[in-house]
Amino acid sequence: MKYIDSHCHPNSADLRNEAAAVFERARAAGVLKMGVIGGDLADSLEAVEMSRTYAEYGLFPVVGVHPHEARTMPDGVAPELMELAKLPEVRAWGEIGLDYYYDFSTREQQRSCFVAQLEAAKALGRTVVFHVRDAYDDFWELMTPERTPDNAVLHCFNGGEADAKRALDLGWKIGFTGMITFKSAQTLRDIAAKLPLESLLCETDSPYMTPVPFRGTRNEPCNVPLVYRKIAEIKDIGLDEAAEQIWRNNMEFWGFEDN
Ligand SMILES: [Zn+2]
């Protein structure tokens, strides 16, 4: 079985010091590609560098400024980020969005940082990775037609059914993390059950969102098969069927040649 972890942070303080071991464990678990996601400028640069250094593990970089870090980029898109976003190996712009659960940056900072990146991504015709938490009203309000990307994913989805439907209508994907294995996440499982398998991506968001039964420990890309397993269970299909379809979803979404 081969898997892709569509969204992880091996470029984070928790994982970077043992990156090689993390990638070895991923490979041993059948995780043959990993999306390395940026959170701020330094982190995005590291995503690019790490993807080059460890190219043999199938890493691909995504660059952007997370809503938590919006305060670090108050004056529109930094030229350095723009340069990174133009690199041919960079597969998408992200993660960007709004997080009103933590409010680590003010909502005003989050909105302006989000819109600036959204418009820049649109100008470059980039795929976008969205992070939205407790903020879908503002998210959709800011998503005017001229800012709407053709290709995007609602990563670590925990919105409502209407949000998922709206994303599908736009041709976007829905990304599920280990959250879908949590006992408390029945509503999320009910939503996933109604979504076409062709619209789903599976991710760890490691080092966060550790799936059951490892919840409470540090997460790693090697745990992503547990998310695929839960999706297969929800859809009442075999794990191989789920993994094959989600592999194809990823090939198309990130623009990889299938192999
Ligand atoms: Zn993330």
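Strand E2 (residues 31-37) is largely enclosed by the rest of the structure, because six of its seven residues are buried. A residue counts as buried if 20 or more other C-beta atoms lie within 10 Å of its own, as exposed if 12 or fewer do, and as partly exposed in between, with C-beta atoms placed from the backbone. The structure is a predicted model, in which local features need pLDDT of at least 70 and side-chain atom pairs count only at pLDDT 80 or more, while totals for chains, interfaces and linings use all residues. Residues are numbered from 1 along each chain as its sequence is written. Helices (H or I, at least four residues) and strands (E, at least two) are DSSP runs numbered from the N terminus.

Strand E2 pairs with strand E1 (residues 3-8) in parallel through four bridges, and Ile4 has Lys33 as its bridge partner in E2. Pairing of two strands requires that DSSP find at least two bridges between them. Both strands belong to an open sheet of eight strands with parallel pairing, in the order E1-E2-E3-E4-E5-E6-E7-E8. The edges are formed by E1 and strand E8 (200-202), each of which pairs on one side only. From one strand to the next, the twist averages 25 degrees. Further along the sheet, strand E3 (residues 59-63) and strand E4 (residues 92-99) run parallel and are joined by two bridges, with Trp93 of E4 as the bridge partner of Val63.

Helix H9 packs on this sheet, where it touches E1, E3, E6, strand E7 (173-176) and E8, and its direction makes about 100 degrees with that of E8. Axes are lines fitted to C-alpha atoms, for helices over the stretch in contact, and angles run from 0 to 180 degrees between N-to-C directions. Strands E6 and E7 pair in the parallel sense over two bridges, and Leu154 stands opposite Ile174 in E7. Both faces of E7 are covered, with Lys173 and Gly175 buried on one side and Ile174 and Phe176 buried on the other.

The packing of H9 against a neighbouring element was also examined. Two packed helices are described by the angle between their axes and the distance between the axes. Helix H8 (residues 224-235) and helix H9 (residues 239-254) pack at about 110 degrees, with their axes 9 Å apart. This angle makes H8 roughly perpendicular to H9, on a scale where angles under 35 degrees count as roughly parallel, over 145 as roughly antiparallel, 65 to 115 as roughly perpendicular and the rest as oblique. Tyr228, Arg229, Ile231, Ala232 and Lys235 of H8 make the contact with Leu239, Ala242, Ala243 and Ile246 of H9; two residues are in contact if their C-beta atoms, placed from the backbone, lie within 7 Å. By class, the contact of H8 with H9 comprises seven nonpolar, no polar and two charged residues. In this classification Ala, Val, Leu, Ile, Met, Phe, Trp, Tyr, Cys and Pro count as nonpolar, Asp, Glu, Lys and Arg as charged, and the others, Gly among them, as polar.

Several loops show backbone features of note. Most residues other than glycine have a negative phi, and most peptide bonds are trans. Asp134, in the loop between strand E5 (128-133) and H5, has a positive phi near 50 degrees and is partly exposed, with 14 other C-beta atoms within 10 Å. Cys156, in the loop between E6 and helix H6 (161-169), likewise has a positive phi, of about 45 degrees, but is buried, with 24 other C-beta atoms within 10 Å. Cis peptide bonds join Ser206 to Pro207, with omega about 15 degrees, and Val212 to Pro213, with omega about 10 degrees.

Pro149 occupies the loop between helix H5 (136-142) and strand E6 (152-155) and counts as buried, with 21 C-beta neighbours inside 10 Å. Apart from residues up to four places away in sequence, Pro149 touches Ala121, Lys122, Arg126, Thr127 and Val128. Arg111, in helix H4 (residues 107-124), is partly exposed, with 19 other C-beta atoms within 10 Å. With the same exclusion of residues up to four places away in sequence, Arg111 touches Leu98, Asp138 and Leu142. Arg111 and Asp138 are 27 residues apart in sequence, and their C-alpha atoms are 8.4 Å apart in space.
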